[in-house]
Amino acid sequence: FALFETLIAAFIFLFYPKYIPMPYFMWFSAFMLFVNSSFVWTAPILMRIGILRNFLMILFGHLLCGNFADTDYLIGTNGKGYLFHLTAERAIRYGYVTKEEMSEKSFSIVRNPYSRAVSMYEYNKRAFESFEHFIVDFHKRCMGRYHKKGLTDSKDIYCHVLPMCAYTHIRGE
């Protein structure tokens with residue numbers, strides 16, 4: 001996104017009338033870069049809004065041909081979502097591991113639920129958002145999709161709000 005804003009600034013520099021002082025455009029483009037990278041294109045905004053999350057998955061997974069993913073190590077993003085946030089069910093469904101491999105060769109480290117919630121808050125909070133509002137908002141907007149519909153795909157639900165059992169068990173097993 002910084003590249004996009006730099007291209008806009010270069011376009012303005014080359015094609016805008018010369019009677020307007022260039023420092024104004026330079027300061028404006030620097031200000032817009034700061035605002036967008038600090039407040040708009042951040043995890044709290046991108047990942048909490050499904051349309052933006054899906055846009056990034058399409059951009060990285062399809063338009064850039066999945067070049068930002070390594071399925072041997074399950075890192076990066078492809079058309080199936082963020083590989084390092086795969087649940088146990090999705091890893092098996094997508095064929096990255098078998099059910100036998102999952103039961104015989106896998107392990108998990110599960111965090112204290114409260115420290116995980118605080119960590120999620122610190123990473124995903126919006127400006128001036130309280131911890132209480134964050135927890136209520138995330139639960140209301142995201143957990144219903146998991147509990148009522150059983151959705152775990154990245155396009156349907158933000159992976160950080162899934163309970164830890166979704167990463168270690170398949171439908172409670």
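# Reading helices and salt bridges in a predicted chain

Tutor: Start with Glu89, which lies in helix 5, residues 88-93. Keep in mind that this is a predicted model.

Student: Is Glu89 buried or exposed, and why?

Tutor: The test is a cut-off: buried means under 20% relative accessible area. Glu89 has 17% relative accessibility, so Glu89 counts as buried.

Student: With which side chain does Glu89 make a polar contact?

Tutor: The side chain of Glu89 makes a polar contact with the side chain of Arg93, at 2.7 Å. The pair also forms a salt bridge, with the closest N and O atoms 2.7 Å apart.

Student: Where do the two partners lie in the helix?

Tutor: Both Glu89 and Arg93 are in helix 5, and 4 residues, about one turn of the helix, lie between their positions in numbering. Arg93 has a relative accessible area of 42%, so Arg93 is partly exposed, whereas Glu89 is buried.

Student: How far is Glu89 from Asp153?

Tutor: Along the chain, Glu89 and Asp153 are 64 residues apart, while their C-alpha atoms are separated by 9.8 Å.

Student: How many salt bridges does a search of the whole structure find?

Tutor: The search finds 2 salt bridges. Besides Glu89 with Arg93, Glu122 forms a salt bridge with Lys125, where the closest N and O atoms are 3.4 Å apart. Here Glu122 is partly exposed at 49% relative accessible area, and Lys125 counts as partly exposed at 33%.

Student: Next, helix 7. What span should its residues have?

Tutor: The general idea is to take 1.5 Å times one less than the number of residues. Helix 7 covers residues 113-124, which is 12 residues, so the helix should span 16 Å. The end C-alpha atoms of helix 7 are 16 Å apart, in agreement with that value.

Student: Which residues of helix 7 are buried?

Tutor: They are Arg116, Ala117, Met120, Tyr121 and Asn124. Seen down the axis of helix 7, these buried residues fall within an arc of 140 degrees, so they line one face of the helix.

Student: Which residues are exposed on the other side of helix 7?

Tutor: Tyr114 and Tyr123 are exposed there.

Student: What caps the N-terminal end of helix 7?

Tutor: The cap is Asn112. One of its side-chain oxygens lies 2.7 Å from the backbone nitrogen of Tyr114.

Student: Which residues make a nonpolar surface patch?

Tutor: Phe11, Leu14 and Phe15 make such a patch, with an area of about 380 Å². Leu14 belongs to helix 1, residues 2-15. For a single residue, exposed means over 50% relative accessible area. Leu14 is at 56%, so Leu14 is exposed.

Student: How many helices and strands are there in the chain, and how do the elements run from the N terminus on?

Tutor: The chain has 9 helices and 3 strands. From the N terminus on, the order is α-α-α-α-β-β-β-α-α-α-α-α.

Student: Of the residues of the chain, what percentage count as buried?

Tutor: The chain has 173 residues, and 32% of them count as buried. Glu89 is buried, as are the residues listed for helix 7, including Met120 and Tyr121.

Notes. Residues numbered from 1 in each chain as written. Predicted model: local features only at pLDDT ≥ 70, side-chain atom pairs only at ≥ 80, totals over all residues. Heavy atoms only, no water. Patch = residues over 30% accessible without salt bridge, like charges linked within 9 Å, V, L, I, M, F, W, Y side chains within 5 Å. Areas by Shrake-Rupley, 256 points an atom, 1.4 Å probe, with all protein chains shown as cover. Salt bridge = Lys/Arg side-chain N within 4 Å of Asp/Glu carboxyl O. Helix = DSSP H or I, 4+ residues; strand = E, 2+ residues; numbered from the N terminus. Buried < 20%, exposed > 50% of the residue type's maximum accessible area, 1.4 Å probe, protein only. Arc of directions from axis to C-beta. Polar contact = N/O pair within 3.5 Å; in protein donor to acceptor, adjacent residues only side chain to side chain.
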